[in-house]
Amino acid sequence: MTPMTISELAQAADVHVETVRYYERRGLLPEPPRQSSGYRAYPATMITRLRFIKNAQELGFSLAEIAKLLALRVDAATSCAEVL
């Protein structure tokens, strides 16, 4: 799949563009590479990550807690017991 612009990503994940920027500033989303034009080029996997963040917020997790969950998710050596 071709990289998406920030507006395409926001629309696909059903969030506002400013939400994407805010999550980037908070470190919940990695900074994407930039195209030669200077535009950010988001991979499709960011849709899933954005939806995860929004769903976790709806369940009552704080952004700090979500950041910890995302860090556990990235580390393949993390056991299920550590996540719980």
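## A polar contact at Glu-24

In this predicted model, the side chains of Glu-24 and Tyr-42 are joined by a polar contact of 2.2 Å, a polar contact being a pair of N or O atoms within 3.5 Å in which, within protein, one atom must be able to donate a hydrogen and the other to accept it, while residues adjacent in sequence count only if both atoms are side-chain atoms. Glu-24 belongs to helix α2, and its relative accessibility of 16% means that Glu-24 counts as buried (buried is under 20% relative accessible area, exposed over 50%, and partly exposed in between, with a 1.4 Å probe and protein chains only). When neighbours within four places in sequence are left aside, Glu-24 is in contact with Leu-29, Pro-32, Arg-40 and Tyr-42, where contact means heavy atoms within 4.5 Å.

## Basis of the model

Because the model is predicted, local features need pLDDT of at least 70 and side-chain atom pairs count only at pLDDT 80 or more, whereas totals for chains, interfaces and linings use all residues. Residues are numbered from 1 along each chain as its sequence is written, and side-chain values use heavy atoms, with hydrogens and water left out.

## Overall make-up

The chain has five helices and zero strands, these being DSSP runs numbered from the N terminus (H or I of at least four residues for helices, E of at least two for strands). Of the 84 residues in the chain, 30% are buried. Among contacts in the chain with a separation of 6 or more, 49% are between residues 24 or more positions apart.

In α1 (residues 6-13), the buried residues are Ile-6, Leu-9, Ala-10 and Ala-13. They cover an arc of only 100° around the axis, which puts them on the same side of α1; the arc is that of the directions from the helix axis to the C-beta atoms. These buried residues of α1 pack against α2 and α3 (45-58). In α2 (residues 17-26), Thr-19, Val-20, Tyr-23 and Glu-24 are buried. Viewed down the axis of α2, its buried residues fall within an arc of 140°, so they line one face of the helix.

The axes of α1 and α2 come within 8 Å and cross at roughly 100°, with axes taken as lines fitted to C-alpha atoms, for helices over the stretch in contact, and angles running from 0 to 180 degrees between N-to-C directions. The two helices α1 and α2 are therefore roughly perpendicular to each other (65 to 115 degrees). Where they meet, Ile-6, Ser-7, Leu-9 and Ala-10 in α1 face Val-17, Val-20 and Arg-21 in α2 as contact partners.

## Positive phi values

Asp-14 lies in the loop between α1 and α2 and has a phi near 60°, a positive value in a residue other than glycine. Most residues other than glycine have a negative phi. Asp-14 is exposed, with a relative accessible area of 70%. After α2 comes Gly-27, whose phi is also positive, near 85°.

## The nonpolar core

The largest nonpolar core has 19 residues, and those with the most contacts inside it are Leu-9, Val-20, Leu-50 and Ile-53; such a core is a set of buried Ala, Val, Leu, Ile, Met, Phe, Trp, Tyr and Cys residues joined through side-chain atoms within 4.5 Å. At least two residues of this core come from each of α1, α2, α3 and α4 (63-74), and the largest share, five residues, comes from α3. Leaving aside neighbours within four places in sequence, Leu-50 is in contact with Leu-9, Ala-13, Val-15, Val-20, Tyr-23 and Leu-29.

Note on methods: Parallel < 35°, antiparallel > 145°, perpendicular 65-115°, else oblique.
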